[in-house]
Amino acid sequence: MAHHDDSQNPKGSFRKFLEHLSGAGKAIGVLTSGGDAQGMNAAVRAVVRMGIYVGAKVYFIYEGYQGMVDGGSNIVEADWESVSSILQVGGTIIGSARCKDFRSREGRLKAAANLIQLGITNLCVIGGDGSLTGANIFRREWSGLLEELAKDGKIDQEAVQRHGHLNVVGMVGSIDNDFCGTDMTIGTDSALHRIMEVVDAIMTTAQSHQRTFVLEVMGRHCGYLALVSALACGADWVFLPESPPEEGWQEDMCVKLSENRARKKRLNIIIVAEGAIDTQNRPITSEQIKELVVTQLGYDTRVTILGHVQRGGTPSAFDRILASRMGVEAVVALLQATPETPACVVSLSGNQAVRLPLMECVQMTQDVQKAMDEGRFKEAVKLRGRSFESNLNTYKRLAMKLPDCQIPKTNCNVGVVNVGAPAAGMNAAVRAAVRVGISDGHKMFAVYDGFEGFAKGNIKEIGWADVGGWTGQGGSILGTKRTLPGKYLEDIAAQMRAHRINALLIIGGFEAYLGLLELSAAREKHEEFCVPMVMVPATVSNNVPGSDFSIGADTALNTITDTCDRIKQSASGTKRRVFIIETMGGFCGYLANMGALAAGADAAYIFEEPFDIRDLQSNVEHLTEKMKTTIQRGLVLRNESCSENYTTDFIYQLYSEEGRGVFDCRKNVLGHMQQGGAPSPFDRNFGTKISARAMQWISSRLKESLGKGKRFVSDDSICVLGISKRNLLFQPVAELKKETDFEHRIPKEQWWLKLRPLMKILAKYKASFEVSEAGQLEPVQHRGPEEPAAI
């Protein structure tokens, strides 16, 4: 990727960027259409601010296509402040409506006339596949519509020449995540938050009464929400439109439920997508399932239909960041569009912004539906993309235990240990590892209290049922310590020998990484360490080399975002107040930077981007200017170790002094609340999938050496498993050494620094912004068998 290090030199490169990308004289219309989704406002905010930033005019089109057809007061120019304070609001402030008129040519003719009046020839549409298809039809007909308007004397020939073509860029806002080509649509993560909140609450009451709950979630044609929530809460059974249960499922399900009860499991949870069907395409309803359980098993059963709760509430941190990135990318795509470029959607693949041809994506989305209608279910699952398929396979492995007699034994023992500070999602990772290990025929051993517990022999065999209900638990049930193995090598080797441990899975943060390095260095002296070892990154700081994400960071980010929302609200009451908030992360600025992006902060001070007194001064001036507008509050995030001398107190005192008479200041240190709490859906899911993948790697390594009594000495038998750009990669710790800044415990290169300019632009600072790779349209791939980075 040819990117000159812009993060250090914001001035020069930004000028270059702006010369290529001036929006002067251009007008952009932004509308939300179809069902609403949390995060749409974040997208609207980003489009408006980026548009204004590059010199374009941006117009709100209220009430979706209906507003475009009706015109008049429905199309209004937006300014910087029109989108203030909407980042944390669910739904869409510009309204959305289903529109019959736009489906007719007369309706589109009216719409075209309304847009031409204001010179709007760039449309940014945020909605589902129906909305995007409509936009594309409009784009194709545009020149014809203009000719017709000119013929009727509604516009002059010069206007036809000047506004000759319409550029369209789409962003997918839909809680169902039913759009092919995009890993995550705006709103999906927030909907999962609502579902998991309900599931967690239901679990406590079901535990008390030994009940069975049937939970119906949204998804008329797409089972994504049902599948991921089933995976994230360890549901007993799930019904999806894409993958109907086999004939005779009624009996299978009842057997499964009664087996689980026999294993002392006090509750059963069954998740049903509203569009669930059987192989004959007949609907399967939640009531039917309840009837079945009551008549066959006599269990006390309740049905809960979540309905529109799932569309509501505040957007999650993930959705805010996703929507902000997409919004900025959409404006860039509009400014780079020519009459020849086809309409595109901006989307995320792994964690990279990409552009895809809109109609190909729509076509693929419709192909899935067609495959389902025609009963080609295997194909439908494949067409949904690699992340859907791997979710389904992982769910099946973790939910269905074969009887012991059917699992071929490997006679291998695998240890699982947690190292470092607690991170939400660690328990989900342990559960996945234990169950995948058992289904692969290994004996699984839990090591309690990190390397210290390892040395003392706090090691017990752990079974399938022992990890039931772990996904929703925060912290670390196994117990975790920051101690490194270096001083206990003899004892740990003795324990590995005593328990005949043939492989090790380490779940933890930077200490886990250092621990792996120490164990690999000790291989020459202790042959016990010559076994496959793999680390799964789990730390709120997200500072593990070899991975773009680590388990626990998303939960911490949501905690920070929620807290900032509350603080902003308190400030909007008092007016003219600036809050300085200190976040965790060690020297890694991930939480401060991403928290600032998700909470709409004015500045974030991080170690990776050195700052001096002049920067602090310009930030104070920036806030002083801001207090003259209608937005009379400020939010500044500071990473705990960003500077030795510019402490939180120092910055607070500086701001208080400099802002005297203009604004007053408050400070807040968030502290350990960032490590606690129930894991977010992302962390449960990510922990589950990455850990299952790590176990598969261990199994395949052990299989290679079966009967050969082989010792593992090569570098590639001791790895970190992480997400890098779009793929899950196993990287030998030996190779990661050169990518690590050991003094500050961070990777030398960090992908998220590319998003710094985004935060600055949205807070009205000048900054350079790197466009998605070469700004090219990508082909829509049918994903290969490779594991997904999509969560």
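Trainee: Is Lys 382 buried or exposed, and what is its relative accessibility?

Mentor: Lys 382 counts as exposed, because its relative accessibility is 54%. The cut-offs are under 20% relative accessible area for buried and over 50% for exposed, with partly exposed in between (1.4 Å probe, protein chains only). Before we go on, keep in mind that this is a predicted model: local features need pLDDT of at least 70, side-chain atom pairs count only at pLDDT 80 or more, and totals for chains, interfaces and linings use all residues. Residues are numbered from 1 along each chain as its sequence is written, and side-chain values use heavy atoms, with hydrogens and water left out.

Back to your lysine. Lys 382 forms a salt bridge with Glu 389, and their closest N and O atoms are 2.7 Å apart. A salt bridge here is a side-chain nitrogen of Lys or Arg within 4 Å of a carboxyl oxygen of Asp or Glu. Glu 389 has a relative accessible area of 22%, so it goes down as partly exposed.

Take Asp 300 and Arg 211, whose side chains meet at 2.9 Å, N to O. This one ties together distant parts of the chain, 89 residues apart: Asp 300 sits in the loop between helix 10 (286-297) and strand 9 (301-305), and Arg 211 in the loop between helix 7 (188-209) and strand 6 (212-217). Helices (H or I, at least four residues) and strands (E, at least two) are DSSP runs, numbered from the N terminus. Arg 211 counts as buried, since its relative accessibility is 14%, while Asp 300, at 32%, is partly exposed.

Lys 667 and Asp 649 are another salt-bridged pair, at 3.1 Å, N to O. They lie 18 residues apart, with Lys 667 in strand 20 (residues 664-669) and Asp 649 in helix 22 (residues 648-658). Lys 667 is partly exposed at 40%, and Asp 649 is partly exposed at 39%. There's a network of salt bridges too, linking Arg 105, Arg 108, Glu 141 and Glu 148.

Arg 98, Lys 100, Arg 103 and Arg 220 gather in a positive patch on the surface. Patch members have over 30% relative accessible area and no salt bridge, with like charges joined within 9 Å and nonpolar side chains (Val, Leu, Ile, Met, Phe, Trp, Tyr) within 5 Å. Arg 103 sits in the loop between strand 3 (75-77) and helix 4 (105-117), and at 71% relative accessibility Arg 103 counts as exposed. Glu 739 is in the loop between helix 24 (733-736) and strand 23 (740-741), and is partly exposed at 36%.

Last, the rings. Rings of Phe, Tyr and Trp (its six-membered ring) pair if their centres lie within 6.5 Å; planes under 30 degrees apart are stacked, over 60 edge-to-face, and the rest tilted. That rule gives 18 aromatic pairs. Tyr 646 and Phe 650 make a tilted one, 5.2 Å centre to centre with 35 degrees between the planes. Phe 650 is partly exposed at 29%. Elsewhere, ring pairs join Phe 318, Phe 549, Phe 682, Phe 686 and Trp 751 into a cluster.

Definitions and conventions. Areas by Shrake-Rupley, 256 points an atom, 1.4 Å probe, with all protein chains shown as cover. Lys, Arg positive; Asp, Glu negative; His and termini not counted. Charge placed at Lys NZ, Arg CZ, Asp CG, Glu CD.
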